[in-house]
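I opened this notebook to record what I looked up in the structure.

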Amino acid sequence: EYALEVIGVPEIIVSGHSECGGRKSIIDKAKEHTCLGNWLQYAVPIKSLNSPDELSKANVVYQIKNLMTYPSVQKGVAEKSLEIFAWWYNLNDNTVSYYDEKTDEWESGH
């Protein structure tokens, strides 16, 4: 809220990456009531994904949906004073993909 309302940040980038240990921990069922387990409760609630990379991408989209629950974010997007981007970095080939909300697909480039 401070960044949007006081500083006037025009863009938010939510990013994820391949080989994410946090996502692997979700798949491996990290123990609840540990620091890691508590942190992972905020991750995407999709139990059907078995690939850490797919879970990482889904989490980026989920976190953008979470951002959109904030009134200051809703206002900025509605007034076109704020853009939100979803990026995903592949550590294996050093490429960045972006999420295209219109097609519901990850696209290479940017």
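The entries below go from the basis of the model to the fold, the sheet, the salt bridge and the surface.

**Entry 1, basis.** I note that this is a predicted model, in which local features need pLDDT of at least 70 and side-chain atom pairs count only at pLDDT 80 or more, while totals for chains, interfaces and linings use all residues. Residues are numbered from 1 along each chain as its sequence is written, and side-chain values use heavy atoms, with hydrogens and water left out.

I looked up the secondary structure and found 5 helices and 4 strands in the protein chain. Helices (H or I, at least four residues) and strands (E, at least two) are DSSP runs, numbered from the N terminus. Read from the N terminus, the order of elements is α-β-α-α-α-α-β-β-β. I then looked up burial: 27% of the 110 residues count as buried. Here buried stands for under 20% relative accessible area, exposed for over 50%, and partly exposed for what lies in between (1.4 Å probe, protein chains only). Among contacts with a separation of 6 or more, 47% join residues 24 or more positions apart; a contact has heavy atoms within 4.5 Å.

I traced an open sheet of 4 strands, ordered S1-S2-S3-S4, with mixed pairing. Its edge strands are S1 (11-17) and S4 (105-108), each of which pairs on one side only. On average, neighbouring strands are turned by 35° against each other, direction ignored. The axes behind this angle are lines fitted to C-alpha atoms, for helices over the stretch in contact, and angles run from 0 to 180 degrees between N-to-C directions. Two strands pair if DSSP finds at least two bridges between them.

**Entry 4, the two hairpins.** Strand S2 (residues 83-90) pairs with S3 in the antiparallel sense over 4 bridges, and Asn90 stands opposite Thr95 in S3. This hairpin has 4 residues between the strands, and Asn94 takes a positive phi near 55°. Strand S3 (residues 95-100) also pairs with S4, in the antiparallel sense and over 4 bridges. I looked up two partners in S4: Ser108 is the bridge partner of Ser97, and Glu107 is that of Tyr98. The hairpin of S3 and S4 has 4 residues between the strands, with Asp104 in the turn at a positive phi of about 60°.

How many salt bridges does a search of the whole structure find? The search finds 1, a salt bridge being a side-chain nitrogen of Lys or Arg within 4 Å of a carboxyl oxygen of Asp or Glu. The side chains of Lys57 and Glu54 meet in it at 4.0 Å, N to O. Lys57 and Glu54 are 3 residues apart in helix H4 (residues 52-67), so about one helical turn separates them. Lys57 counts as buried at 16% relative accessibility, whereas Glu54 is partly exposed at 40%.

The protein chain exposes about 7,700 Å², of which carbon and sulfur atoms supply 52%. Accessible areas come from the Shrake-Rupley method with a 1.4 Å probe; for residues, only the protein chains shown count as cover. Tyr2, Val6 and Ile7 make a nonpolar surface patch of about 360 Å². Patches are made of residues with over 30% relative accessible area and no salt bridge, like charges being joined within 9 Å and nonpolar side chains (Val, Leu, Ile, Met, Phe, Trp, Tyr) within 5 Å. Tyr2 lies in helix H1 (residues 2-7) and is exposed, with a relative accessible area of 56%.
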